[in-house]
Amino acid sequence: MRAFLFNTLYWGMSGIYAILCAVVGLIPGRFFLMHGVRSYTRFTVFLMRHVAGIKVEVRGTPPRNQPVIIAAKHQSWGDGIAMMAKTGDINFVVGDHMLKFPLIGWILTRAGAIVVNNGGGRKSIEALKDGIHRSHGEMRPILIYPEGHLTEVGETKPFRKGVYRLYAMLDRPVVPVATNLGLFWPRQDWAKHPGTAVIEFLDPIAPGLSKEDFMRTLEDRVSARTRELEAEGRS
């Protein structure tokens, strides 16, 4: 019953916010649009806790208004929502599948999101480079999911090289993020399970590592801590 009520409220509220944010997006600049998007994410987290029974606990220090890259585990549709609710104004790398949702493409474009081809290849690389060029000088964090897709709890997919391109070309620290939210809001499933979901910001990886060292360090940290949080959540 909780899941049904949450999903009904969430998707209805999402439609309303999509219209409101699309209208607000007509105002020059990002201030009012991002205020609307953050309001949407905070309201969703409120519904998660008080309707679905999912409390979001943040560990570590969320980077706010800092030129860093957030490289996070992605196992729930709610990951990005909870992340923005807890970190404020961030940019994000998203797959072009998000453009299939009505009005979302317009909102993403106005927000300055970096939209890449889910299939990878030359077009995806060029889109990422364009986003990197636009991101120079911005003080807000950039959120990327290195695996590129939602994963099952307990699963790890190879990390894609796009996160290294951001790291090297922007010369910014990378903040790894582990989570167990997929235990409570599994991927895109209708089912929701009450409990305390954890989003944990780990120690930053300083600029300057080689591609091999960086990719190995990032994947090891995110995967190892995620497995620990999953075990904690199950207990």
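At 44% relative accessibility, Glu228 counts as partly exposed. Here buried means under 20% relative accessible area, exposed means over 50%, and partly exposed is in between, with a 1.4 Å probe and protein chains only. Glu228 sits in helix H7, residues 211-234. Helices (H or I, at least four residues) and strands (E, at least two) are DSSP runs, numbered from the N terminus.

Some ground rules. This is a predicted model, where local features need pLDDT of at least 70 and side-chain atom pairs count only at pLDDT 80 or more, while totals for chains, interfaces and linings use all residues. Residues are numbered from 1 along each chain as its sequence is written, and side-chain values use heavy atoms, with hydrogens and water left out.

How confident is the predictor? pLDDT is its confidence in each residue, from 0 to 100. The protein has a mean pLDDT of 91, and 98% of its residues reach 70 or more. Where pLDDT is low, the predicted coordinates should not be read in detail.

Now the interior. A nonpolar core is a set of buried Ala, Val, Leu, Ile, Met, Phe, Trp, Tyr and Cys residues joined through side-chain atoms within 4.5 Å. The largest such core has 45 residues, and Met83 and Phe92 have the most contacts inside it. Helix H2, residues 31-50, gives the most to this core: seven residues. Apart from it lies another core, of 21 residues, including Ile69, Val93, Val116 and Ile132.

Take Phe92. Contact means heavy atoms within 4.5 Å. Beyond its neighbours within four places in sequence, Phe92 is in contact with Met84, Leu108, Ala111, Ala113, Ile114 and Leu143.

Next, helix H3. Seven of its nine residues are buried, so H3 is largely enclosed by the rest of the structure. Met83 and Met84 are among those buried residues, as are Asp79 and Thr87. Just after H3, Gly88 takes a positive phi of about 90°.

Then comes Asp89, in the loop between H3 and E3. Buried or exposed? Asp89 counts as buried, because its relative accessibility is 18%. The Asp89 side chain makes two polar contacts to show you. One joins it to the side chain of Arg30, at 3.3 Å. Another joins it to the side chain of Arg140, at 3.4 Å. A polar contact is a pair of N or O atoms within 3.5 Å; within protein, one must be able to donate a hydrogen and the other to accept it, and residues adjacent in sequence count only if both atoms are side-chain atoms.

On to Asn91, in strand E3, residues 91-95. Asn91 is at 1% relative accessibility, so it counts as buried. Its side chain reaches the backbone oxygen of Gly112 at 3.1 Å. Leaving aside neighbours within four places in sequence, Asn91 has contacts that include Ser135, Glu138 and Arg140.

Now the open space. On a 1 Å grid over the protein atoms alone, a pocket is an open set of points where a 1.4 Å probe fits, with protein on both sides within 12 Å along at least five of seven lines; lining residues have an atom within 4 Å of a point. What volume does the largest pocket hold? About 1,400 Å³. Grid points are joined across faces, edges and corners, and a volume is the space filled by probe spheres set on the points. The lining has 49 residues, and Val93, Val94, Gly95, His97 and Met98 lie nearest the centre. Helix H1 gives the most to that lining, with seven residues.

Pro194 lies in the loop between E6 and strand E7 (195-201). Pro194 and Ile54 are 140 residues apart in sequence, but 4.9 Å apart in space, C-alpha to C-alpha. At 49% relative accessibility, Pro194 is partly exposed. Asp171, in the loop between H6 and E6, is not a glycine, yet its phi is positive, near 55°. Asp171 is exposed, at 53% relative accessibility. Arg187 is in the loop between E6 and E7. Arg187 also is not a glycine, and has a positive phi of about 35°. With a relative accessible area of 31%, Arg187 is partly exposed.

Notes: pLDDT = per-residue confidence, 0-100.
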